[in-house]
Amino acid sequence: MAAEHEVKLDLHPTVALGDPVSGIEGADVEHVDPLRLEATYFDTADLRLIRAGATVRYRPEADSEPWQVKHPVDDADTDGIVRDERVYPGSDEGPPAAVASAVAALTRGAPLVPVATLVTERGRLRVHTGGELAVEVTDDNVEAHVDGRLVARFRELEVEGDHDRIRGEVVDRLVAAGAVETGNRPKLVRALGPAAEAPPDLVVPEPTGPDPTQPVVDVVSRAMLVDLDRMVRFDPGTRVGEDIETLHQMRVATRRLRTTLRTHRSVLDRDWADTLREDLRPLAAALGEVRDLDVLIERVEVDLAKLDPADAEAAPGLRSLLDQRRGEAREALLALLDAPGYGGLLDRLLTAATTPRVLEPDAPAGPTLTPLVRQAWTRVRTAVRAEDDQLHDVRLHIKRLRYAADAVRPALGAPAADLSKAAGRAQDVLGTWQDAVVAIEAFRTMRDEVDPDVAYLLGVLTARAARRRDRAARRWPAEWRRLRRYRTRI
């Protein structure tokens, strides 16, 4: 992730800034030639991007590619704004496909149109420490134009950089020189005014203390909004593909949303809930295909590192085959995310999560939803007792129990949280078992497609996966006994 850490401040246009950042311990100051910049910002007509904290900008004078996309990033450990910043090639004819794709989860199919042009006279200085850039300070005098009209003039300072100590000291010195922190409002927000400061379309209500009397519709809505928000936040990183954890998180959110709709069917309009689950199925499956290969590739690399070099001679051939399969799965996923129907799916999910079709919306959540958790528990117990001992089915039902407990936490509090944690531990054990089973099946399938050397290596890896599967299966009875202690707490 190309993250930027920045703090914004106001300074009256007539104030001479001087050189307030010189003399910082262990730092050197470099004055850089001023610039004149002209940037055109794009958004949907109803400003979906900026209201969600994201921006799309075209600036031909940029130091790198002219198109830039910024997404907000959660980071509780730093001051100011943290945003993922990426640049793209393109012309002034409009946002290229890669830019539109990067913000598709926020635009939901609405076209990107120019919404403002900012003309900036920029002064710059850079603070270095240990020969590396610590922060850059920019002093911007800005003219904002909307629909060809001058709508605002303002002066803004930005302190941007990853060095927390120096960034903090620079900000303190600028404030002492007369600057005022702005609340980190982006320039575009200042140009567009109140419309850009309206809440985003997708807002997750703040959690409240456990209250079993709150309306069931509020609990169901929040559970759906949490997972939909997670899907949207991890969509950009899933497309970029640099960190496999982002795809994992998007997959988890998609699975949780489908499970919420399944678990709560008895209190929902069933046709409505089932239709949404089916709409989500292709996305869940595509994410799952890539995720399973990510897990498999990681596990293979760990196993290969432990093998005798003679046994691992065919590793390059195996890696090539796995990379090819993952590439094909990823292409299928990206095609789905870029398909015209994806924006419509997100629109339907947003409407559904905001106003879920609950049969008795004002019923108290505690007594209404508690039986659903107990039903989920009963399904776990039934699966465990099944004669065929299908741990795969047990794992699925424990996952649904965990998600059901999470959904009722706003109503039941600690008992639901404790059950969720216990189910999570059991799910981890069975997840290890499942990963090994998936690996064994994949290796057996591939052995018919490869040369003898790779086939031999697959046999060695199959044996290692079988040992992991058996160890996890032996751990399961003790984990099940621990989980059973929670069966009467809800």
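**Close-up views of a predicted model**

Arg 489 is partly exposed, with a relative accessible area of 45%. The views below show selected local features of this predicted model.

**View A. A positive surface patch that includes Arg 489.** Six arginines form the patch, namely Arg 385, Arg 481, Arg 484, Arg 485, Arg 487 and Arg 489. Arg 489 belongs to the segment that follows α15 (452-484).

**View B. Helix α4 and the glycine just after it.** Helix α4 is made up of 13 residues, 164-176. From the first C-alpha to the last, α4 reaches 18 Å, close to the 18 Å expected at 1.5 Å a residue. The buried residues of α4 include Ile 166, Arg 167 and Gly 168, and also among them are Val 170, Val 171 and Leu 174. Just after the helix, Gly 178 adopts a positive phi of about 120°.

**View C. Leu 47 in the loop between β2 and α1.** The loop that holds Leu 47 runs between β2 (28-43) and α1 (48-51). Although Leu 47 is not a glycine, its phi is positive, at about 60°. Leu 47 has a relative accessible area of 9% and is therefore buried, the limit for this class being under 20%.

**View D. Asp 147 in the loop between β7 and β8.** Asp 147 is placed between β7 (132-146) and β8 (149-160). The phi of this residue, which is not a glycine, is positive and near 55°. Asp 147 counts as exposed because its relative accessibility is 70%, and exposed residues are those over 50%.

Definitions and conventions. Residues are numbered from 1 along each chain as its sequence is written. This is a predicted model: local features need pLDDT of at least 70, side-chain atom pairs count only at pLDDT 80 or more; totals for chains, interfaces and linings use all residues. Side-chain values use heavy atoms; hydrogens and water are left out. Patches are made of residues with over 30% relative accessible area and no salt bridge: like charges are joined within 9 Å, nonpolar side chains (Val, Leu, Ile, Met, Phe, Trp, Tyr) within 5 Å. Accessible areas come from the Shrake-Rupley method with a 1.4 Å probe; for residues, only the protein chains shown count as cover. A salt bridge is a side-chain nitrogen of Lys or Arg within 4 Å of a carboxyl oxygen of Asp or Glu. Lys and Arg count as positive and Asp and Glu as negative; His and the chain ends are not counted. The place of a charge is taken as NZ of Lys, CZ of Arg, CG of Asp or CD of Glu. Helices (H or I, at least four residues) and strands (E, at least two) are DSSP runs, numbered from the N terminus. Buried means under 20% relative accessible area, exposed over 50%, partly exposed in between (1.4 Å probe, protein chains only). The expected span of a helix is 1.5 Å times one less than its number of residues.
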